[in-house]
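Dear colleague,

Please find below the structure that I am handing over to you.

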Amino acid sequence: MPTPSDLPKPTAAELDLLQVLWPLGAATARQVHDSMQKTRPDVTYATVLRLMQIMHTKGLLIRDESERSHVYAPAQPQDSLQTNLLKDLVQRAFAGSAKALVLAALKSGISKKERAEIEKLLKEDKE
């Protein structure tokens, strides 16, 4: 089984595409393009298709070729990829310290609502 460091790391553009694809589950390039158009009207179908093909080659997407239009799906669930990226970030940028990462995140500014949610989670963890 591959370790988190062995798994492909998506670029910013690939993460944007995954954010669209995860809720859809599986979709054609046309469906992903149509969904992306809502927030990024400048993105072309050709760009989305090419990016999805590259992501398939890298192992970020799986592809069902049984239909005329290929259907793509994320190779990893969202929470799994996010956990792997977070572990990598902690190792590379915070010398393996999750505490340092959390403190940096808190110092960068969070909303009152986010602070309340964090405090609630911490209180629940104590119980």
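A salt bridge is a side-chain nitrogen of Lys or Arg within 4 Å of a carboxyl oxygen of Asp or Glu. Please note that the model is a predicted one.

A search of the whole structure finds four salt bridges. One of them joins Glu65 and Arg63, whose closest N and O atoms are 2.9 Å apart. Glu65 is partly exposed, at 47% relative accessibility, and Arg63 is partly exposed too, at 27%. Another links Asp88 with Arg92, with 3.1 Å between the closest N and O atoms. These two residues are four apart in helix H4 (residues 78–93), so about one helical turn separates them. Asp88 counts as buried, at 17% relative accessibility, whereas Arg92 is exposed, at 69%.

In soluble globular proteins, nonpolar side chains tend to be buried together. On the surface of this model, however, Val102, Leu103, Leu106, Ile118 and Leu122 form a nonpolar patch with about 390 Å² of accessible area together. Helices H5 (98–107) and H6 (112–126) each give two or more residues to the patch, and H5 gives the most, with three. Leu122 lies in H6 and counts as exposed, because its relative accessibility is 52% and the cut-off is over 50%.

Yours sincerely

How values were computed. Residues are numbered from 1 along each chain as its sequence is written. This is a predicted model: local features need pLDDT of at least 70, side-chain atom pairs count only at pLDDT 80 or more; totals for chains, interfaces and linings use all residues. Side-chain values use heavy atoms; hydrogens and water are left out. Patches are made of residues with over 30% relative accessible area and no salt bridge: like charges are joined within 9 Å, nonpolar side chains (Val, Leu, Ile, Met, Phe, Trp, Tyr) within 5 Å. Accessible areas come from the Shrake-Rupley method with a 1.4 Å probe; for residues, only the protein chains shown count as cover. Buried means under 20% relative accessible area, exposed over 50%, partly exposed in between (1.4 Å probe, protein chains only).
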